[in-house]
Amino acid sequence: MTRQDDLRHMAHALRLARRGLGNVWPNPAVGCVILQSGRVVGRGWTQPGGRPHAERMALDQAGTSARGATAYVTLEPCAHHGRTPPCAEGLVAAGVARVVSAMTDPDPRVAGRGYQILRDSGITVTEGVREAEARELQAGFLSRIQKGRPFVTLKLGTSFDGRIATASGESQWITGPAARLHVHAMRMAHDAVMVGGNTAHADRPSLNVRGLATPRQPARVVLSSRPLPDLPPEGPMHGPLWQIDAPVEDALAQLAGRGITRVFCEGGGLLAASLLRARLVDQIVGYTAGVTLGSDGLPAIGPIQVMHLADAPRFRLVETRPIGSDLFHRWLRVG
């Protein structure tokens, strides 16, 4: 296999891995492609709830064709015993000849041990293929393991002048139907959807995925000290509903403790300000409509007490495109 072959097949594995985002917590979303004599004989990705793992799914599909094959995996194969045996041992037992990995698993139970199992069994291991892309994909898993909190996406659906409601409080709908459907796709790629208490009481949001087929609804999180309003109970169309009465840093640590790796924050303005003030927002996604509401409209973000520009939270633009009649833009935190 040439370097270009490795890059191409790892790109395939990464596309498979993305199918697991939002559906596999507390596990990472992993993809695996098994190649025998230049032909794909097995494909897999982490299944809803985290089992089976991507490698197991691909090995089962490949069967005896896995012997002497090359396996492309987006994360170092696991080395620890849980509800299933380690994937590293599964690759050894299947007789795979070479494993190409995108990145090392930072979980202390793995952290190079998976590679060692493979090498000790005579399997050739190539590391770091498309590592930057894999790290972006694993941002939530990495954040939970290394920072003790989930990766936080702040979503802002605003007027052209940054308002989320009129002076009277009317907010449905500032953005169009295409943008709203895209928001549901973003929810589907996160483990949990989070709002503040004021938003929960004012809007009574469902906080679920609608209009798209999803194997697993996100957990619904309300940060509030007030009793919850009458929100839909947990069921097939709604994920678990958790109320947390704690500062945002503690709330995110609690979510990480429950296995949450990626949180989609949908407001309101005070919660957004709290997260920004505490430097806890990793990504902002904006949906900007071509309508202006004026300074008497409700701002998207509450006070964050920035006195000097040098102290303001900064983000870099990584993506922008029209969605229907609105503009979508995505920004990653700087530093």
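Student: Which residues touch the most other members in the largest nonpolar core?

Tutor: Keep in mind that this is a predicted model. The largest nonpolar core has 44 residues, and helix α1 (residues 3-18) gives the largest share of this core, with six residues. The members that touch the most others are Met10, Ile34, Val96 and Val99.

Student: How many residues are in the second, separate core?

Tutor: This second core is separate and includes Trp242, Leu271, Val281 and Ile284. Its number of residues is 27.

Student: Back to Ile34. Which residues does Ile34 touch, not counting residues up to four places away in sequence?

Tutor: Ile34 is one of the residues that touch the most other members of the largest nonpolar core. Leaving out residues up to four places away in sequence, Ile34 touches Arg39, Val40, Val41, Gly42, Ala58, Leu59, Ala62, Ala66, Ala69, Thr70 and Ala71.

Student: Why do α2 and α3 count as roughly parallel?

Tutor: Helix α2 (residues 54-62) and helix α3 (residues 87-94) have axes 9 Å apart. Angles under 35 degrees count as roughly parallel. The two helices pack at an angle of about 20°, and that makes α2 and α3 roughly parallel.

Student: Which residues of α3 meet α2?

Tutor: Let's start on the α2 side, where Glu55, Arg56 and Leu59 make the contact. By class, the contact has four nonpolar, one polar and two charged residues. On the α3 side, the residues are Cys87, Gly90, Leu91 and Ala94.

Student: Is the crossing of α2 and α3 left-handed or right-handed?

Tutor: The two helices pack with their axes 9 Å apart. The way α2 passes α3 is left-handed.

Student: And what about α3 and α4: is that crossing left-handed or right-handed?

Tutor: The axes of α3 and helix α4 (residues 113-120) come within 9 Å and cross at roughly 15°. With angles under 35 degrees counting as roughly parallel, α3 and α4 are therefore roughly parallel to each other. Their crossing is right-handed.

Student: How many nonpolar residues are in the contact of α3 with α4?

Tutor: From α3 come Ala88, Glu89, Leu91 and Val92, and they meet Gly114, Ile117 and Leu118 in α4. One residue of this contact is polar and one is charged. The nonpolar residues number five.

Student: Now for some loops. Is Asn23 buried or exposed?

Tutor: You'll find Asn23 in the loop between α1 and β1 (31-36). Not counting residues up to four places away in sequence, Asn23 touches Gln47, Pro48, Gly49, Thr214, Pro215 and Arg216. The cut-off for buried is under 20% relative accessible area. Asn23 has 5%, so this residue is buried.

Student: Is Asp245 buried or exposed?

Tutor: Asp245 sits in the loop between β10 (241-244) and α9 (248-257). Beyond residues up to four places away in sequence, Asp245 touches Ser224 and Ser225. Exposed means over 50% relative accessible area. Asp245 has 59%, so this residue is exposed.

Student: How many Å apart in space are Asp245 and Val33?

Tutor: In sequence, Asp245 and Val33 are 212 residues apart. In space, C-alpha to C-alpha, they are 43 Å apart.

Student: What about Leu21 and Gln138: how many Å apart in space are they?

Tutor: Leu21 is in the loop between α1 and β1, and is buried with a relative accessible area of 16%. Leu21 and Gln138 are 117 residues apart in sequence. Their C-alpha to C-alpha distance in space is 9.1 Å.

Student: Which residue does a cis peptide bond join to Trp25?

Tutor: Omega is about 10° for this bond.

Student: What is omega for the cis bond from Gln172 to Trp173?

Tutor: Trp173 is in the loop between β7 (163-165) and α7 (177-188). The peptide bond from Gln172 to Trp173 is cis, with omega near 0°.

Student: Last one: what is the phi of Arg130?

Tutor: Arg130 lies in the loop between β5 (124-126) and α5 (131-137), and is partly exposed with a relative accessible area of 24%. Arg130 is not a glycine, yet its phi is positive, at about 60°.

Conventions: Residues numbered from 1 in each chain as written. Predicted model: local features only at pLDDT ≥ 70, side-chain atom pairs only at ≥ 80, totals over all residues. Heavy atoms only, no water. Core = buried A, V, L, I, M, F, W, Y, C linked by side-chain atoms within 4.5 Å. Buried < 20%, exposed > 50% of the residue type's maximum accessible area, 1.4 Å probe, protein only. Helix = DSSP H or I, 4+ residues; strand = E, 2+ residues; numbered from the N terminus. Contact = heavy atoms within 4.5 Å. Axes fitted to C-alpha atoms, helices over the stretch in contact; angles between N-to-C directions. Parallel < 35°, antiparallel > 145°, perpendicular 65-115°, else oblique. Left-handed = near helix turned anticlockwise from the far one by under 90°. Nonpolar A, V, L, I, M, F, W, Y, C, P; charged D, E, K, R; others polar.
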